[in-house]
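Here is a quick tour for anyone meeting this structure for the first time. Have a look at the sequence and the 3D view, then read on.

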Amino acid sequence: MSGFSASDHEWMAQALRLAQCGQATCDPNPRVGCVLVKDGVCVGEAWHARAGDPHAEILALRAAGSAASGATAYVTLEPCSHYGRTPPCADALIEAGIARVVTGATDPNPRVSGRGLDRLREAGVAVTEGLMAAQSERLNPGFFRRMRAGLPYVRAKLAASLDGRTATASGESRWITSAAARRDVHRQRALSSAIVTGVDTVTADDPQLTVRDWDEAFLPPRRIVLDSQLRMSPDAALLADEQGVVVIHGGVMPAREPDLVRAGAELWQVPLTEEGHVSPVAVLEALAGAEINEVWVEAGPRLVGAWIQAGVVDELIVYLAPHLMGHEGNPMLTLTGLDTMDDRMQLETLDVRQVGDDLRLTLRVGEREED
């Protein structure tokens, strides 16, 4: 982008790297990094680690001390201008005597958007905005989606053999992918705000949906079960620990309801679709209302297929194992109405890499309209 020097790009790239340090801990806040530079030397740097703790700008100012006066601040996201869990960062930058602020993306939060930059300019701080803004937004897809459209960002995980099977004809499914791929799934869980599954998966596999094989700090993702008629057993493994489970239903309240509540389930009601399933959009609106930014879906082929066809899945994360399981095995997805070549759902390949013996494909399903 014109108006920015090579060193501007280098320091903002450093701020983006710092922002990644909080990727598993700062929910529901965005991932933000800040670097303070004076006379070509970094005098303070930091990232936002946890909601309620000081923001990246405040920690960088503390690290710099008096050296912050006259420095340039590189911040991946527009400094806040309002009192939330913490005081405004724009005011702190002004009080510290920062001479110039270079920002990445403009904050999509309506309470902030543009106001932080205006406050800095009014105080005489030189402001240049938009440097590597796309990278900052890609680092925070859920926060941007929630602020703009009132929905979280959704990734759906699939694991299959090379011929697209998730189980053999006899129903065997452990283990399709390698240990390395399974560790990678735990990493993806740790980076997510919530894990969504369906009651059929809970009944068939009795999963824990916890994060294991992950040594770095993280916030345990909320575990969400979609269960339109409250068929989930109160003895499910999901209810055997203290982490908590949200069961989203459609208002059908059988005798099992009090048993689920006593077992520790939190029940949310949303509207049902014409087919009698909980509405995907209503589920995501409820999750966004609970400040959930990024959703990781681990469910069966019908639920994932239905969510794809409802247009609410942003990315597919597909783990392909280098073996064949035969045409009689269970399919990776259940999709209806794709009768001709013109009906195909086009995907965009974002990333392909080897994880252990398997391939991991990251695919964009499609762009949803945003308000």
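In what follows, a contact means heavy atoms within 4.5 Å. This is a predicted model, so to speak of a local feature a pLDDT of at least 70 is needed, side-chain atom pairs count only at pLDDT 80 or more, and totals for chains, interfaces and linings use all residues. Residues are numbered from 1 along each chain as its sequence is written, and side-chain values use heavy atoms, with hydrogens and water left out.

## Around S193

Let's start with S193, which sits in the loop between α7 (179–190) and β8 (194–198). Helices (H or I, at least four residues) and strands (E, at least two) are DSSP runs, numbered from the N terminus. Setting aside residues up to four places away in sequence, S193 touches D27, P221, R222, I292, N293 and E294. Its relative accessibility is 9%, so S193 counts as buried. Buried means under 20% relative accessible area, exposed over 50%, and partly exposed in between (1.4 Å probe, protein chains only).

With D27, the side chain of S193 makes a polar contact of 2.4 Å. That term stands for a pair of N or O atoms within 3.5 Å; within protein, one must be able to donate a hydrogen and the other to accept it, and residues adjacent in sequence count only if both atoms are side-chain atoms. D27 has another feature to look at: a cis peptide bond joins D27 to P28, with omega about 0°. P28 is in the loop between α1 (6–19) and β1 (33–38).

R155 is in strand β6 (residues 153–161) and E294 in strand β12 (residues 294–297), 139 residues apart. A salt bridge here is a side-chain nitrogen of Lys or Arg within 4 Å of a carboxyl oxygen of Asp or Glu, and the count comes to 19.

R155 has a salt bridge with E315 too, at 3.3 Å from N to O. E315 belongs to strand β13 (residues 315–321), so this pair ties together parts that are 160 residues apart in sequence. Both R155 and E315 are buried, and E294 is buried as well.

## Nonpolar cores

Which residues touch the most other members of the largest nonpolar core? They are L226, I248, L287, V297, W307, V313 and L316, out of 34 residues in that core. A nonpolar core is a set of buried Ala, Val, Leu, Ile, Met, Phe, Trp, Tyr and Cys residues joined through side-chain atoms within 4.5 Å. Leaving out neighbours within four places in sequence, L287 is in contact with P152, V196, I224, W268, I292 and V295. Another core lies apart from this one; it has 29 residues, including L36, L61, A71 and L117.

## Two positive phi values

Finally, the loop between α8 (199–205) and β9 (222–226) holds D206, and L209 lies in the loop between α8 and β9 as well. Phi is near 50° for D206 and near 55° for L209, each a positive value in a residue other than glycine. Buried or partly exposed: what is D206? With a relative accessible area of 38%, D206 is partly exposed, while L209, at 4% relative accessibility, counts as buried.
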